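Work through these exercises with the model open beside you. Try each task before reading its solution.

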Amino acid sequence: MEWLSGAVDYGIIGFLLVLNVVVVAVALERAIFYRGVRIEQFKDIKSMELVLSEKLFVIASVGSNAPYLGLLGTVLGIMLTFYQIGLDAGAMDTGKIMIGLALALKATAVGLVVALVAVVLYNTLLRKAKVLMLRWEIANG
């Protein structure tokens, strides 16, 4: 069960951090793309919406699932702590228990931070896309 500690620390938390980098990269790409969009190049609003909403699903997916990945890390960390308590016949040092619980809570915290970043970026980009579409509708009646 020792591998579980590494799986939580490096696996789940590492995966969440990679997802956070992906979210920021996609958000930066979309923000740069939105700056260069010329509304007059679109013939209809539906084609504009398709182009503007590309890749936003990635950010939304991470935002909605990151807390669950953090929760998975929490469950695994608590399982590991209980397993170690069981091996020591209930006479485990409280310091070791606290370290196991801290690892579990760290996974939850990272999951929540990644989700918060993703949701803020998603809402910001979605608002920018809607503004561009409204400008197209105003210009084209």
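**Exercise 1.** Classify Glu29: buried, partly exposed or exposed?

*Solution.* Take the cut-offs: buried means under 20% relative accessible area, exposed over 50%, partly exposed in between (1.4 Å probe, protein chains only). Glu29 has 29% relative accessibility, so Glu29 is partly exposed. The model is predicted: local features need pLDDT of at least 70, side-chain atom pairs count only at pLDDT 80 or more, and totals for chains, interfaces and linings use all residues. Residues are numbered from 1 along each chain as its sequence is written, and side-chain values use heavy atoms, leaving out hydrogens and water.

**Exercise 2.** Find the salt bridges that link Glu29, Arg30 and Lys55 in a network.

*Solution.* Apply the rule: a side-chain nitrogen of Lys or Arg within 4 Å of a carboxyl oxygen of Asp or Glu. Start with Arg30 and Glu29: their closest N and O atoms are 2.9 Å apart. Arg30 is buried, because its relative accessibility is 2%. Next, pair Glu29 with Lys55, at 3.6 Å from N to O. This pair links distant parts of the chain, 26 residues apart: Glu29 is in helix α1 (residues 2-36), Lys55 in the loop between α2 (45-52) and α3 (56-87). Helices here are DSSP runs (H or I, at least four residues), numbered from the N terminus. Lys55 has a relative accessible area of 36%, so Lys55 is partly exposed. The count comes to two salt bridges.

**Exercise 3.** Which residues of α2 are buried, and which are exposed on the other side?

*Solution.* Ile45, Met48 and Leu52 are buried. Lys46 and Leu50, on the other side of α2, are exposed.

Note on methods: Helices (H or I, at least four residues) and strands (E, at least two) are DSSP runs, numbered from the N terminus.
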